[in-house]
Amino acid sequence: MVESILEYEAWVRMSAFMAVLVVMASLEVLAPRRRSEIPRLLRWSNNIALVVLDTVVVRLVFPVLAVALAVVVEDRGWGILNVLPVPDWFAFVASVVAFDLAIYLQHVMFHAVPALWRVHRVHHADLEFDVTTGLRFHPVEILLSMAFKLLVVVALGPPAAAVLLFEVLLNATSLFNHSNIRIPDGIDRALRWVIVTPDMHRVHHSVHGQESNSNFGFNLPWWDRLLGTYIAQPRATHERMSVGVDDFRTRRDLWIDRMLLQPLRRDTRARNQPDDGTTREMEEETPIA
Ligand SMILES: [Zn+2]
């Protein structure tokens, strides 16, 4: 069982990723939520280049990733779930839920700690919100996030299959909840009880501080509701709201070299300034020295 998980891990990940990407990208064409104004080629080529780079970097830096580490941890009997006499099904479900809570808390920290925000800001600075936004993370964020996941694996002792399922789910829901698709209101409301929907997560990508400091969940929508970080809808409506970050609003900022260097650049405007509620236009293409 364990050997087969490791053997098929890459295949499971890749096929789930490609399938969800193709389905979401097709739905974005058939039933878009917002009109896109930036050429897809510009954003997609740079966002996809970034995720390819992330995948290479994380494999080069870590000798072992989360699923393989879970096999080792289980073998040695480390972690809470390997010590407590709990049934297998409970360990499996508890692991997936605990991982989701851990990722929610990590996301809150990426917003709360200024140095972490600089890294996570790259994800928020995308000027549109579509399936490839869900892939756009700075390599340093991917490395920190993997280090955190490895710590959770050692502390928790989850079944390897639960870690694989969680990672595949997280990847799939990230593609889903960043996608620019129109889901009828009634269906969206029902889905929101069990999964973070694109309308729910779009609020988190608002330029307005109060809205971007809400809806931190990726998979399960419960943590935001339980911990008081839930905002149901954006003030400006989904069609009219501005997504992104105030400081990085030129097309040049969407290129991969700018994304990689962005954590070194300061916010010129204070975060959490009182929002004036206005819609942000894209800035002129002024070259930045
Ligand atoms: Zn965020």
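Student: In which helix does A19 lie?

Tutor: A19 lies in helix 1, which covers residues 2–30. Keep in mind that this is a predicted model.

Student: What makes A19 partly exposed?

Tutor: The relative accessible area of A19 is 43%. Buried means under 20% and exposed means over 50%, with partly exposed in between. The value for A19 falls in between, so A19 is partly exposed.

Student: How far apart are A19 and A161 in sequence and in space?

Tutor: They are 142 residues apart in sequence and 20 Å apart in space, taken from C-alpha to C-alpha.

Student: Where is N46, and why is N46 called buried?

Tutor: N46 is in helix 2. Its relative accessible area is 11%. The cut-off for buried is under 20%, so N46 is buried. Leaving aside neighbours within four places in sequence, N46 is in contact with L254, W255, I256 and M259.

Student: Which other residues of helix 2 are buried?

Tutor: Among them are L42, R43, W44, N47 and L50. V51, D54 and V58 are buried as well.

Student: How do you know that the span of helix 2 is close to the expected one?

Tutor: Helix 2 runs over residues 40–61 and has 22 residues.

Student: Why is helix 3 called roughly parallel to helix 7?

Tutor: The axes of helix 3 (residues 66–76) and helix 7 (residues 139–156) cross at roughly 20° and come within 9 Å. Angles under 35 degrees count as roughly parallel, so helix 3 is roughly parallel to helix 7. Helix 3 passes helix 7 in a right-handed crossing.

Student: Which residues meet there, and what are their classes?

Tutor: From helix 3, A66, L69, A70 and V73 meet M146, L150, V153 and V154 of helix 7. The residues of this contact divide into eight nonpolar, no polar and no charged. In helix 3, the buried residues include A66, L69, A70 and V73. V67 and V71 of helix 3 are buried too.

Student: What follows helix 3?

Tutor: Helix 3 is followed by G77, and the phi of G77 is positive, near 75°.

Student: Where is N215, and what makes N215 buried?

Tutor: N215 is in the loop between helix 11 (209–212) and helix 12 (222–226). Its relative accessibility is 0%, and the cut-off is under 20%, so N215 counts as buried. Phi of N215 is positive, near 50°, in a residue other than glycine.

Student: Why is T237 called partly exposed?

Tutor: The relative accessible area of T237 is 40%. That lies between the cut-offs of 20% and 50%, so T237 is partly exposed. T237 is in the loop between helix 12 and helix 13 (256–261). Although T237 is not a glycine, its phi is positive, at about 75°.

Note on methods. Residues are numbered from 1 along each chain as its sequence is written. This is a predicted model: local features need pLDDT of at least 70, side-chain atom pairs count only at pLDDT 80 or more; totals for chains, interfaces and linings use all residues. Side-chain values use heavy atoms; hydrogens and water are left out. Helices (H or I, at least four residues) and strands (E, at least two) are DSSP runs, numbered from the N terminus. The expected span of a helix is 1.5 Å times one less than its number of residues. Buried means under 20% relative accessible area, exposed over 50%, partly exposed in between (1.4 Å probe, protein chains only). Axes are lines fitted to C-alpha atoms, for helices over the stretch in contact, and angles run from 0 to 180 degrees between N-to-C directions. Angles under 35 degrees count as roughly parallel, over 145 as roughly antiparallel, 65 to 115 as roughly perpendicular and the rest as oblique. A crossing is left-handed if the near helix is turned anticlockwise from the far one by less than a right angle, and right-handed if clockwise. Contact means heavy atoms within 4.5 Å. Ala, Val, Leu, Ile, Met, Phe, Trp, Tyr, Cys and Pro count as nonpolar, Asp, Glu, Lys and Arg as charged, and the others, Gly among them, as polar.
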